Amino acid sequence: MATSPPQVSLDEIREEVADLETPEERIGYLIELGQTLPDLPVEYQTEIFRVLGCQSMVWVVPEMRGKQLYFRGTSDAPMVRGLVAILISAYSGRSSREILDFPIESLFEELRLKSFLTPMRSNGLYSMVQRIQAIARESLAASGEAPEVAVAIGKSGSDGPEFSVATCREDFPILAQCNSDDRPLIYLDNAASSQRPSSVIDCMSDVYRTHYANVHRSGHDLAISTTMAMEAARESLRRFIHASGTDEIIFTPGTTASINLVARSWGDANLQEGDEILLTELEHHSNIVPWQQLAARTGAVIRWLPVGDDFLLDMAALSKMLSDRTRLVSFSAVSNVLGTINPVREIVAAGHKVGARVLVDAAQAVPHGSVDAIDWDADWIVFSGHKMLGPTGIGVLYGKRSVLEAMPPFLGGGNMIKSVTKNGFESADLPHRFEAGTAPIVEAIAMKPAVEYLEGIGSHRILAHERELAQRAMDGLVKIPGLKILGPGIQAKTGIISFVVDSIHPDQIGQYLNAVGIAIRVGHHCAMPLHQRFGLPASARASFYLYNTLQEVDAFVDAVARSVRLGPGSRSA
Ligand SMILES: Cc1ncc(COP(=O)(O)O)c(C=O)c1O
């Protein structure tokens, strides 16, 4: 294909726009600009080159020449052709790396696009940008250059300055407090929910104070800036988990809601009597009950991949438990009780080999930045914001585009439709098809600073720090008579340590620790089948995170030892 150089240069566009006073003049100019685009031959106006997420039909066609990428494109809407022309002028003739580094937001600011584009047009524009960036990322990957840092568990992350836990703690205002006895708070319940840095708290307050409005609806300035902020958060999550497009990132209220969405939408449409669902014995109730409900509705059967006495999944049993009857495999990347890191890629590949769909519950993996949609190749990946420094009430359902597109909508209402008549409705495109009603807008927006905080430190550092803490805790705990740790060795786990002590109920340990300012969790941790597997009613769990210190670990071990020495009945310090 012979690609033409940009018809109008970026400088010419800048100059023209600078002289335009009113939104009407700018719209008129966009239409004129669109007319300068060469026609795109019809053979390129196909699904392969179509940009999803735009209100109108838009096609973008790339061509690599040497190290530079060139683009052609068009739209069936005259004004959108103008937007395509701007993007072609901005991006054509640059290397993939330059495209990814190009400050497109500043260009949009400079051209004052925000002030007159409707939210739908604005979304469409961002979909085009994302498409072009995805092409650039793919071409980098094809050339052997990593498009971004890999974030598989414990592998890599930020190359920034060394991580300092003391500096990190200053970012978390809640950690500075003491209990009623003036003892400093030691927060070791991070697997239940993490704390939030000031950047996340300030972001939420800032949105409410300065630019809050509903999203994807009105065309006024506030609504546009809130919509753009929410879409920017979606993009940061896409980048964080290496999804190929923002249309694959569905905002949900959390992991539980995401799994229920898949069970109701995909499950109800695809499962029938006799079909099999494979779970593992170490699942959280959120990854059990929705499938039990689905099985009750459809007659499907649940099978359980066992956990061995070594607290690892029995991988030798996997192939025997999978068959052509298996329609779904659903499992946690990391156990919320044992901390065990499961072999995600291997399980996903085995599930796919028998034709099953695979869902990965990444609620306990994502806090360490260790989710990689490309590497894992799962059909769905689900997680919650509140365990990864973000707000409560927000989470993600990632799905492969082709899988999500084949799923019927689950909740019906506003925002998830293209059109409604008295006779029915037409569903919106992804991701809105699964986002009925008003989203937790501010919570979604604040996922961006949460992701940026984790990226700033880097997954390898977070996991390494947690493991240092967990190893120190295990070294101390094993010396306590009658104490048993539930979980594998440090190389196979994150910073979660569950334990039981002969003759003392975990509840009592938890109450004693609380009295000395140490927050841990006791109970079944929403994993009753796992506790039943080990013949236990409950356990105590300390879960470490990036802001915990070795001193805190020592104080925790001392407090557990003291509570055990004091014996049954010791609830206060
Ligand atoms: C592994 C796992 N899955 C699912 C969940 C449920 O997450 P949420 O309550 O945020 O929906 C949790 C929460 O502890 C979890 O640890």
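R112 lies in the loop between helices α5 (104-110) and α6 (119-142), where helices (H or I, at least four residues) and strands (E, at least two) are DSSP runs numbered from the N terminus. The phi angle of R112 is near 50 degrees, a positive value in a residue other than glycine. The model is predicted, with local features requiring pLDDT of at least 70 and side-chain atom pairs counting only at pLDDT 80 or more, while totals for chains, interfaces and linings use all residues. Residues are numbered from 1 along each chain as its sequence is written, and side-chain values use heavy atoms, with hydrogens and water left out.

Strand β2 (residues 68-75) is joined to β3 by two bridges, in the antiparallel sense, and here Q68 stands opposite S95 of β3. Contact here means heavy atoms within 4.5 Å; axes are lines fitted to C-alpha atoms, for helices over the stretch in contact, and angles run from 0 to 180 degrees between N-to-C directions.

The other open sheet has seven strands, ordered β5-β11-β10-β9-β8-β6-β7, and its pairing is mixed. Its edges are formed by β5 (249-252) and β7 (301-305), each with a single partner strand, so one side of each is left without a neighbour in the sheet. From one strand to the next, the twist averages 20 degrees. Four bridges hold the antiparallel pair of β5 and β11 (residues 395-399), with F251 opposite V396 in β11. Helix α10 (residues 255-270) packs on this sheet and touches β5, β8 (326-332), β9 (357-361), β10 (380-384) and β11, its direction making about 150 degrees with that of β10. Helix α11 (residues 289-298) also packs on the sheet, touching β6 (276-280), β7, β8 and β9, with its direction at about 145 degrees to that of β7.

Now to the ligand. The residues around it, each with a heavy atom within 4 Å, are T255, T256, H284, S286, N336, D361, A363, Q364, S384, H386 and K387. By class, this shell holds one nonpolar, eight polar and two charged residues; Ala, Val, Leu, Ile, Met, Phe, Trp, Tyr, Cys and Pro count as nonpolar, Asp, Glu, Lys and Arg as charged, and the others, Gly among them, as polar. A polar side-chain atom of S384 lies 2.6 Å from a ligand oxygen atom, and an N or O atom in the side chain of H386 is 2.7 Å from an oxygen atom of the ligand. For T255, a polar backbone atom is 3.5 Å from an oxygen atom of the ligand. Taken alone, the ligand exposes 400 Å², of which the protein buries 87%, with accessible areas from the Shrake-Rupley method and a 1.4 Å probe.

Strands β12 (residues 417-421) and β13 (residues 424-427) run antiparallel and are joined by four bridges, with S419 opposite E426 in β13. In the loop between β13 and α16 (441-445) sits P431, and the peptide bond from L430 to P431 is cis, with omega near 0 degrees.

Notes: Two strands pair if DSSP finds at least two bridges between them. A polar contact is a pair of N or O atoms within 3.5 Å; within protein, one must be able to donate a hydrogen and the other to accept it, and residues adjacent in sequence count only if both atoms are side-chain atoms.
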